[in-house]
Amino acid sequence: MQTSPDIAAALTRRAALAGVAVMAATTVHHAIGAVVYGTPWRLHIAFMSIPTVAVILGALALHRRRAGAPSGRAAFVVLAAVLALVPIAWIGAYEGVYNHVLKNALYFLAPGSPVLARMFPPPMYEVPDNALFEITGVLQVVPAWIAAVALARRALGRRTARPGEAARPGATEPPGAYRMGSMR
């Protein structure tokens, strides 16, 4: 399945910008945690976010400038790998889903559960006692999901456009698709 260049560019840009949003959200979240819990070591994430964002934006810029060239394709591979590993898997899935969504779900749905204590042992994990910290932790999942969907659609060669994306003629249905009223 092939994607038109306009759709591919829009999906690549969406994935990259969502990845940058994940890194910004996690930096804010960890800064809140550093202040609320008196744990300045949480600020280490800024030292991870800055180079990650630089690689994402640099790879995006190179890919956009040289999309058809080998260097542009290599830039996309770097961009996709960094997005998949850092904002999507590490921050979105592990930090957002596991450390916050699952922890909060267990805390509120099964308070005092031994499973909660085993999966989220103190002092490594905080009991959900600060709404701002927990909400910003859960919100990391949103841009990570957007990045994951856009990257997957780009990698799999999505054929249809969303509103605002340019579509190539005939892209709305796969070849040989049954159309209402057709005789095939």
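Trainee: What are the ground rules here?
Mentor: The model is predicted, so local features need pLDDT of at least 70, side-chain atom pairs count only at pLDDT 80 or more, and totals for chains, interfaces and linings use all residues. Residues are numbered from 1 along each chain as its sequence is written, and side-chain values use heavy atoms, with hydrogens and water left out.

Trainee: Which residues touch the most other members of the largest nonpolar core?
Mentor: Ala15, Ala16, Ile56, Leu79, Leu83, Ile88 and Leu151, out of 17 residues. A nonpolar core is a set of buried Ala, Val, Leu, Ile, Met, Phe, Trp, Tyr and Cys residues joined through side-chain atoms within 4.5 Å; buried means under 20% relative accessible area (1.4 Å probe, protein chains only).

Trainee: Which helix gives the most to this core?
Mentor: Helix 3, with six residues. Helices are DSSP runs of H or I, at least four residues, numbered from the N terminus.

Trainee: And what is Ile56 in contact with?
Mentor: Leaving aside neighbours within four places in sequence, Ile56 is in contact (heavy atoms within 4.5 Å) with Ala16, Gly19, Val20, Leu79, Val82, Leu83 and Pro87.

Trainee: Which side chains does the Asn99 side chain make polar contacts with?
Mentor: Glu95 at 2.9 Å and Tyr125 at 3.3 Å. A polar contact is a pair of N or O atoms within 3.5 Å; within protein, one must be able to donate a hydrogen and the other to accept it, and residues adjacent in sequence count only if both atoms are side-chain atoms.

Key:
Buried means under 20% relative accessible area, exposed over 50%, partly exposed in between (1.4 Å probe, protein chains only). Helices (H or I, at least four residues) and strands (E, at least two) are DSSP runs, numbered from the N terminus.
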